[in-house]
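Welcome! Please take a moment to look over the sequence and the 3D view, and then we will walk through how the parts of this chain meet.

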Amino acid sequence: MKEAKYIWKNGEIIPWKDATTHILSHTLHYGNGVFEGTRAYMTEKGLAIFRLESHTKRLLESAKIVMIQCPYSQEELQTAQIEILRANKECFNSNVYLRPIIYLGYGAMGVYHLHSPVEVAIAAWEWGAYLGEEALQKGIRAKISSFVRNNVKSSMGKAKAVANYLNSQMAKHEAIACGFEEALLLDDNGFIAEGSGECLFIVRNGKLITPPYDNSLESITHNTVFHIARDLKIDIEQRRITRDEVYIADEAFLTGTAAEITPIYEVDFRTIGNGYRGEITKKIQDAFFEIVMGNSQKYNHFLTYIN
């Protein structure tokens, strides 16, 4: 990770090295905290945060789901993200990743969490393509994980909660240990849920198909692809997908703030389509980067420019 100079924490901008937390912080022990992943792109007009309002809204909704009362409003959190980018402006020469987090600090131990103080922090650092620059063109290899996505009867997948990502970590580790770059997780009924930190799209007979949100986060990048598909007059369907349907897909790709639009060229040793980024995937990917780089007048409202 390339460090910046400052981090926003509890209403103050402090040096990066001073953004510490106590070893007995509640979230560290019991896993109740929520976070966001937001990107700011280096456009011709300077840094611009992509869909700041949507990401900040989801952050607060996540906190509500896990019963954490955030001491800051949506407007205050949006302003704080702008402020930390401005404070670190000289550190950034390319695209930036923002990580707001709401967590429970030091003050009480034990499973009951409401006696613990609520802490809020926002970090920002330069970060390129999550799965590698080459992957955006060439694509990646994925593996259906032996780990099943968290069941909705025992966890709350609509929250971008810290604890939910242990499931993702184990699936990701397994995939990499087996020689793949990413994992695809099934739900408890055997249908594709999502990747370890991304949503999945497949293409069959010219139609985009993606799983429902039953077991997954409501993705903002995923939603952006819906906008793009409608603009490109590409049919889109949200329904259950089996693993064998992925094997015979014409194209497949992952979406997410970190992953952006990353093609998949192989799943479980089965080549997807022709084994490279498909035509529809490329069209969507090109349109996505036009939007985030500030070259789409229609979607300019998705960007918050940092002056």
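A salt bridge here is a side-chain nitrogen of Lys or Arg within 4 Å of a carboxyl oxygen of Asp or Glu. Asp231 and Lys298 form one of these, with their closest N and O atoms 2.7 Å apart. Keep in mind as you read that this is a predicted model.

**Salt bridges**

- Side chains of opposite charge can pair when their charged atoms come close.
- By the rule above, the count comes to 17 salt bridges.
- The Asp231 and Lys298 pair links distant parts of the chain, since the two residues are 67 residues apart.
- Asp231 sits in helix α6 (residues 220-231), while Lys298 lies in the loop between α8 (279-292) and β17 (303-305).

**Two domains**

- The chain is divided into domain 1, covering 6-126, and domain 2, covering 133-293.
- If you take the centres of domain 1 and domain 2 over their C-alpha atoms, 26 Å separate them.
- On the domain 1 side, 21 residues are in contact with 22 residues of domain 2.

**Where the domains meet**

- The size of an interface is often given as the accessible area lost when the parts come together.
- For domain 1 and domain 2, the area buried between them is about 1900 Å², and 65% of it is on carbon and sulfur atoms.

**Polar and charged links between the domains**

- Between domain 1 and domain 2 there is 1 salt bridge.
- Arg39 forms a salt bridge with Glu260, and their closest N and O atoms are 3.7 Å apart.
- Which elements give two or more residues to the side of domain 1 that touches domain 2? They are β3 (33-35), β4 (38-43) and α2 (52-65).
- The residues on that side of domain 1 divide into 8 nonpolar, 9 polar and 4 charged.

**Aromatic pairs**

- The structure holds 13 aromatic pairs.
- One of them joins Phe35 and Tyr165: the ring centres are 5.1 Å apart and the planes are at 55°, so the pair is tilted.
- This pair also links distant parts of the chain, with Phe35 in strand β3 and Tyr165 in helix α5 (residues 165-177), 130 residues apart.

Conventions. Residues are numbered from 1 along each chain as its sequence is written. This is a predicted model: local features need pLDDT of at least 70, side-chain atom pairs count only at pLDDT 80 or more; totals for chains, interfaces and linings use all residues. Side-chain values use heavy atoms; hydrogens and water are left out. Domain bounds come from an automatic or database domain assignment. Contact means heavy atoms within 4.5 Å. Buried area is the accessible area (1.4 Å probe) that two parts lose on being put together, summed over both. Helices (H or I, at least four residues) and strands (E, at least two) are DSSP runs, numbered from the N terminus. Ala, Val, Leu, Ile, Met, Phe, Trp, Tyr, Cys and Pro count as nonpolar, Asp, Glu, Lys and Arg as charged, and the others, Gly among them, as polar. Rings of Phe, Tyr and Trp (its six-membered ring) pair if their centres lie within 6.5 Å; planes under 30 degrees apart count as stacked, over 60 as edge-to-face and the rest as tilted.
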